[in-house]
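Please read it alongside the sequence and the model.

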Amino acid sequence: MKMHQATRSRINLDRVATVNQIIPFSCVDGPGSRLVIFLQGCNFNCKNCHNPHTIDWCDSCGDCVPTCPEKALTLITDDNKSQVIWDQQLCTQCDICLSVCPKQSTPKTLRYSVEELLTLIRAQMHFINGITISGGEASLQLPFIIALFREMQSSKDLAHLSCMIDSNGSLSLNGWQQVLPFIQGAMIDLKSWQQDTHRYITGRDNHRVFSALKLLAEQGKLYEVRLLHIPEISDFDSEIDAVASYLAQLPAAVRIKLNAFQHHGVTGDALMWPSCTEAQIHQLANALTQRGVNNLILPNLYL
Amino acid sequence: MAIQERLSQITRDLNLSPKQKSNFLALEADSSLPYVAVSEDVTQAMDSGIICDMFEGHAPFKPRYVLPDYAKYLKQGSEYLELSPAQDLDEALNALTILYHHVPSVTNIPVYLGQLDEVLLPFCQGIDTESLYRKLKLFWIMLDRTLPDAFMHVNIGPTDNIVCRTILRIDAELKQIAPNLTFMYDPQVTPDELLQVAASNICECSKPHIANYPMHANSYDEKGFGIVSCYNSLPLAGGANTLVRLNLKEIALRANDISDFFDNTLPQYCQLTYELINARCQYLHQESNFFSSFLVKEGLIEESRFAPMFGIYGMAEAVNILQGNPELTESHTEKPSPHYGHHQAANELGHKISKALDTIVKSTPVDYGYNGRALLHSQGGISLDKDVTPGVRIPYGTEPNPIAHIKALAEHHQYYTSGISDILTIDETVKSNPQAMFQLCKGALNLGFREFTANVASNDLVRVTGYMIKLSDIARFKEAGSRTNTTGLGAEAAINTKILERQPRVVAHENAPSYAKSN
């Protein structure tokens, strides 16, 4: 039996994720101060994405390699498989590689094992209240998330840290059932109300998002629902009655966070969309409040 | 004559109040006297910017910082001020207001207003919460309007009490620049919930500063200490007779290599610093007659509890120079770099310099000191400093994330008995998440920070979803796109103007110690 546990632990510790970025101190990704791990890769393709280079996986085409002014990128071939190698020491974060990438990806990702992340978390543990895994879409690397959170919760020194997921809600119910025992809460984006609008913005249906919201709410693990207001594009204002009555029936503790669409980081068509002003957010917030939606969280900055 | 022209310029200045003009005229008069007698080497070191006397004047006739024993004063009254012992809260507040106008300092405004919860609690029995709130609020407004210096400091905590909580409530509500506020935190005594209140206040108004109470208390005797001015920790019923600071950057520039720095240059300039300290103290203690003041006669201060502050600044530049690092730019912040604040070896060299300074300061006797010694201080800079970073701080604009920032500097804190002024820049998103501020503060104190100071307002960095961005970049971005969206700019300008509105009335003399013509 002991042997079995040790083996499982070893398997957990060796699991690896592709990480786009780690922010050691964040105030906007769940309760208190949090270390946030942004995983690479997303199954939505939102036109308004402000981090579009987190969407695709790098296929090592090598197009970015010659454009790097610091020569921080090299293309190597190993076993007939090519791979772009990123030298963090040489990189100045000028982001030219991102702008020339023919996909929506980046050569600047790192591979972290659960064991390596535990070391990193231990170095920060006195400063944080918990860990949030975000993305890209976090749930695309679900076995890694479960392994990391399982190891944290079975370590005496880390068990007090809360574990949360920031997700687009596309994970299947079966997937959520697997991860639920290991998380204290989830933050879910609701990109729009109507199916057509959702498909226009994200390229995907929103059935799964609503199923996920329902399950998480029932299980008391829905920490926050996030609505990104894009004037003239998203439909929270035009569908205000339906949206409000849906949000109002969620458990009272669920935070309803309104985000204002801005152009920073956005590429393509969505740059033609109007950005959202403070007045427009207040208008939406008032309309929701009048219809019985409480616990609204408004942006503290409009950038 | 140059001096007359200068005096005349002060009297005609557009922006200074009559009182501020008087202060600057007095400074000029003091500066026209012959300097206290020092050797040619000291004069040369001062002229070349290696040693700095903080513009305290040529003939020091008052100590830099004075920390009267206010509790004793209220208990015994004052013969000189013709006041009997205070009987109730109104009398206590009135008596304090009077004494504040008789406590000198380098700025002529008291830098220490007392451990106010401890001082006022004996007079609060039978007073209901609302009356206490109203009385203290008026007192708070009076302080800001009559003694408008941002360096004037009140202390509260570490115990949980009604005065402490009421002051925190008022301070968050009024958001005044003065008085400055330090909350003492002792993990054995202070409830977490009270620290959370203080942390929420920081999010509201960048105050209070959180002091590591046990760490400060262990540095002084049972008579205690106070936090004054820009986070200086000094003996209660005493203070600092002078502050002389050493520019570590200039010293590093004069060293051939790291071992020359430690073996020769640093000890040599420390010795000159001591010569200046002793010369200034001799004038104050022997010539000026300051210590025949009623403050001494009535036992509110004791001459033996005054110590010179041995200040240092420019640690970041010193380390980078000694290591031969290229000039630091803001683009280095997001990537690994060999610089101070960002690299283990650079940080460790910094710690080694602090340790060497600590050894020198703890073993060098002074003529007038606390237990015969000066107290080491990491000095927070003055407005005239150019291309040199205050104290042991990481250069502004190049700070790493708050956790890495704390880890890089924590090791220094044990050495700076009379205070270390580090400012953590935290992006504005923390304002709606005070729990994060609380946790960061606890983490910092737990790691050995003497004082936790967070700056939320003037931070250029902000977290938007996944990434840290620069507000200045956003401003440029918005400007470029302003044909489609101009509303944001108006709001930003309004915010900026509001900040500017406050500057003329509330000054910070200590930060700008000499007259400079404003345009």
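Over residues 461–469 of chain B, how many contacts beyond four places in sequence does the model have? For this stretch, where pLDDT stays under 50, the model has 27 such contacts; pLDDT is the predictor's confidence in each residue, from 0 to 100, and two residues are in contact if their C-beta atoms, placed from the backbone, lie within 7 Å. This is a predicted model, in which local features need pLDDT of at least 70 and side-chain atom pairs count only at pLDDT 80 or more, while totals for chains, interfaces and linings use all residues. Residues are numbered from 1 along each chain as its sequence is written, with chains lettered from A and ligands numbered from 1 in the order in which they are written.

**Confidence**

- The predictor assigns the complex an ipTM of 0.87 and a pTM of 0.87.
- Chain B has a mean pLDDT of 87, with 86% of its residues at 70 or more.
- Residues 481–508 of chain B also have pLDDT under 50, and there the model has 21 contacts beyond four places in sequence.
- Where pLDDT is low, the predicted coordinates should not be read in detail.

**Domains** (bounds from an automatic or database domain assignment)

- Chain A splits into domain 1 (2–54 + 115–297) and domain 2 (65–100), and their centres, taken over C-alpha atoms, are 30 Å apart.
- In chain B, domain 1 covers 39–61 + 249–416 and domain 2 covers 65–228.
- The contact between these two involves seven residues of domain 1 of chain B and nine residues of domain 2 of chain B.
- Between the centres of domain 1 and domain 2 of chain B, taken over C-alpha atoms, the distance is 29 Å.

- Five strands of chain B form an open sheet in the order 3-4-5-6-14, with mixed pairing.
- Strand 3 (112–115) and strand 14 (451–452) of chain B are at the edges with a single partner strand each, so one side of each has no neighbour in the sheet.
- Strand 6 (residues 209–212) of chain B runs antiparallel to strand 14 of chain B, joined to it by two bridges.
- Opposite B:Glu451 in strand 14 of chain B stands B:Ala211.

- The axes, lines fitted to C-alpha atoms over the stretch in contact, of helix 7 (residues 129–146) and helix 8 (residues 162–174) of chain B come within 10 Å and cross at roughly 55°, with angles running from 0 to 180 degrees between N-to-C directions.
- Helix 7 and helix 8 of chain B are therefore oblique to each other; angles under 35 degrees count as roughly parallel, over 145 as roughly antiparallel, 65 to 115 as roughly perpendicular and the rest as oblique.
- Residues of helix 7 of chain B that meet helix 8 of chain B include B:Leu132, B:Leu136 and B:Trp140.

Note on methods: Pairing = 2+ DSSP bridges. Helix = DSSP H or I, 4+ residues; strand = E, 2+ residues; numbered from the N terminus.
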